[in-house]
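Colleague: Hi! Could you walk me through this one while I have it open?
Modeller: Happy to, here it is.

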Amino acid sequence: MEDAEPDFDPPYRVLVPVAATDGWYGASREEREPATDELGAILREAEDGGARMLASFDDDLFLTGQPAPLPYTIFVLYDVDDLAVLVRLVHRLRTSEVARYLRLEARVGRPLFVLEN
């Protein structure tokens, strides 16, 4: 089997992990509800900007409190044709009230080649 150089052409496969911060755990229920609504709006804006959500995953069924060692409990998987969509997504959270409660990053990769054939 030849080990070919991977392509870096669209669509890009993007994993967006989201983590609750100490601010989330110190917030009241009244503070968390609007933050949760705003996170949903931010993620939907990414779709409006061209991201195609493939899956979402909330790892909270068997966990209480702050997660460890992996600090994330929310994962969203997108395909995007333009990486600027991710820049806008990250910046949108960074400049929102939700930034007090959650952190988000974007990891760009590709479909796992051994499962694509």
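Colleague: What relative accessible area does aspartate 81 have?
Modeller: It's 44%, so aspartate 81 is partly exposed (buried is under 20% relative accessible area, exposed over 50%, partly exposed in between, with a 1.4 Å probe and protein chains only). This is a predicted model, where local features need pLDDT of at least 70 and side-chain atom pairs pLDDT 80 or more, while totals for chains, interfaces and linings use all residues. Residues are numbered from 1 along each chain as its sequence is written, and side-chain values use heavy atoms, leaving out hydrogens and water.

Colleague: Which side chain does aspartate 81 meet in a salt bridge?
Modeller: That of arginine 52, at 3.2 Å, N to O (the rule is a side-chain nitrogen of Lys or Arg within 4 Å of a carboxyl oxygen of Asp or Glu). Arginine 52 sits in strand β2 and aspartate 81 in the loop between β3 and α3, 29 residues apart (helices are DSSP runs of H or I, at least four residues, and strands runs of E, at least two, numbered from the N terminus).

Colleague: And how many salt bridges does the count come to?
Modeller: Five. Aspartate 79 and arginine 13 also pair up, at 2.6 Å, linking strand β3 to strand β1 across 66 residues.

Colleague: Is aspartate 79 buried or exposed?
Modeller: Buried, because its relative accessibility is 11%. Arginine 13 has 21%, so it is partly exposed.

Colleague: New topic: what does glutamate 45 meet in a salt bridge?
Modeller: Arginine 92, at 2.8 Å, N to O. Glutamate 45 is in helix α2 and arginine 92 in helix α3, so the pair ties together parts 47 residues apart in sequence.
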